[in-house]
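Hi,

Here is the structure I promised to pass along. Have a look at it first, and my notes follow below.

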Amino acid sequence: MATDNLLLKNRSPDVKVQIAPTQPKKLTHLPKRPKVDLAFSNLTYTVRQGKKDKIILKNVSGRLRSGELCAIMGPSGAGKSTLLNILTGYKTEGMNGQILMNNNERDLSQFRKLSAYIMQDNQLHLNLTVDEAMAVAAKLKIGEKKSFEREAIITEILDTLGLLDHRKTMTSGLSGGQKKRLSIALELVSNPPIMFFDEPTSGLDSSSCFQCISLLKTLAKGGRTIICTIHQPSARLFEMFDQLYTLADGQCVYQGSTTQLVPFLATLGLQCPSYHNPASYIIEVACGEYGDHTRKLVCAIENGKNDIRDGKSFPELKLNDGLNNSDAYMKENMNTVIANHLAKDTVKNYDKNVNLANAESLGQGIKESVTEKDVEKADVNSTLLESTIPVKQPRYGNSELQQFFIILRRALLFSRRDWTLMYLRLFAHILVGFLIGALYFKIGNDGAKVLSNLGFLFFNMLFLMYTSMTITILSFPLELPVLLKEHFNRWYSLRTYYLAITISDMPFQTIFCVLYVTIVYFMTAQPPEPERYGMFLLACLLVSFVAQSVGLVVGAAMNVQNGVFLAPVMSVPFLLFSGFFVSFDAIPIYLRWITYLSYIRYGFEGTALATYGFNRPRLDCFTKYCHFKVPDTILEELDMNKSSYTIDIVALVVIFFILRISAFLFLKWKLKSNR
Ligand SMILES: Nc1ncnc2c1ncn2[C@@H]1O[C@H](COP(=O)(O)OP(=O)(O)OP(=O)(O)O)[C@@H](O)[C@H]1O
């Protein structure tokens, strides 16, 4: 196993600590991608809070270079996540300022094809093995490659990330650190040249933190631009970062290499105590523990405009100056005078009384950081990166048709493995079927028990409605965070996902419904004619599909807690106006329109017509008098003698499509509003 040694320097230039990261392997099979350097200037982000605007980022600037691992740090509430969300393109509204990609105005669509955003909570499908999750990601993201090539890429990534031994492990069984690595592995299949990580070390122990940051460092050394927000790393972790971008109260208080931090602070009269973690020190300074230095720091660094390593404010750079880090390295190597220039600039910028000796020590720090980088640069494997960005890149890694089948297959696999979704549902349909069958046993052809039989027909609607609706309300919102991540990272289009996910459950819903209806239909002795059975089943099936669509709308529009309460409450009017409790004629005219919206009404009417309509012969009568012996009398009593079964079916189909489209629109809105 090839290992690269990282030379990590303590603050004192004389003391060197050697740390061997656990997985600095090289990735050679990945698709080639261009290098991406990012610069932003005068970024402002405002949110509306009540009647006022709240400014979260205040005119910050900065640059993030390829081949570097950059940490965004700052006290809680400083705006780290906000900055990350803006840089990834996750948040676009409320933002002002300029973002440049490789020195040109950033085209967000182009940028999103080249970047990956790994969110804090991993957002993984727990019901897949590592291998299956990787295979799905590879098929979706690099579908154009042959299967053996994809396999080689997957093996290489898993090997590099130390997950090879866990290929067959379910994601739910992985440790926190392994889940984090899997999240990275999934995005790495398409080799994004710029990767963003929101708190990649949160919830990890110190060893896993180290592994995680080592891995990010390795990725950066491959020429990628790696940016992560981090909360106060240990000194050992801190020194692994190439660049530090520090925020305080929405402003930039430091931008430069980690090695330059202490000398820079010293130039401002802020002496980091010996053996004190510089990462903790800058946070303490930003929090105001040593007095209010924020303004001074912001001024010195020109709110991020000042590029410590080049010694220039970056907007002054000419467009063809090249932001690529390779150029920056060359500049640093060729002209160490820049260091002194910067030191002087820093001094000039804010505090005229600063000690020049300190400034020189800052210059010294820069020179040393160059030397250190040269050591690292020898290990950089940048062959994976192309020098230019292809003019036209496909939006997704695979065609929409292929995406559909991949997601469908994955959804079917989830369903097979989801105990609640599958076995509990199956069990409930069979058990309730037998219970109802026993309760209404053989009443279907008994003229004296017609009212009970109508109760049975109505209960069918109720049962099918609640089972299909609630299961969707409970399961669909849980999918949303993963959907949000995968969709944002351009795995697939939303419409393909939606189509696959809505179709995937239909076969199961059909099987459960057929099982239930068959059990109750024959146990309760409904007319044993195949046509009537078919019509009865069709009405029941459509009701369960429509109810499932209601579940999708509710699941897409609100969270589980609200959905579980509101959906049954919202269903009450549909049940009331179903025609079972009040016949159509008895409903006040101004409320009758609700009956046209009630899918339960169409379902109930459909099953009633299938049971008693179409010239059904007289029912048996085992008592002296049976009022509803003639089936037409029953339909008359229900105001259904003029109703049409076909219209009921058409209405259910129309409602089904309207609801499915609405659920899609809600989903689209939800994804947008979540950002
Ligand atoms: N939509 C919003 N509405 C109101 N305030 C917001 C909104 N989004 C962010 N903020 C505020 O902006 C500030 C910065 O938030 P942000 O999440 O970026 O901070 P952070 O540095 O990532 O904090 P932490 O380290 O605690 O996660 C906070 O004070 C937060 O309350």
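The shell around the ligand holds three nonpolar, seven polar and two charged residues (nonpolar means Ala, Val, Leu, Ile, Met, Phe, Trp, Tyr, Cys and Pro; charged means Asp, Glu, Lys and Arg; the others, Gly among them, are polar). Please keep in mind that this is a predicted model, with local features needing pLDDT of at least 70, side-chain atom pairs counted only at pLDDT 80 or more, and totals for chains, interfaces and linings using all residues. Residues are numbered from 1 along each chain as its sequence is written.

Among the residues around the ligand are Lys-54, Gly-74, Gly-79, Lys-80 and Ser-81 (near means a C-beta atom, placed from the backbone, within 6 Å). Helix H1 gives the largest share, three residues. Helices are DSSP runs of H or I with at least four residues, strands are runs of E with at least two, and both are numbered from the N terminus.

Further along, helix H15 (residues 419–439) and helix H16 (residues 450–488) have axes that come within 12 Å and cross at roughly 170° (axes are lines fitted to C-alpha atoms over the stretch in contact, with angles from 0 to 180 degrees between N-to-C directions). The two helices are therefore roughly antiparallel, a label for angles over 145 degrees. By class, their contact has eight nonpolar, two polar and one charged residues.

Residues 564–584 are 62% helix and 0% strand, with ends 30 Å apart.

Enjoy!

Technical notes. Parallel < 35°, antiparallel > 145°, perpendicular 65-115°, else oblique.
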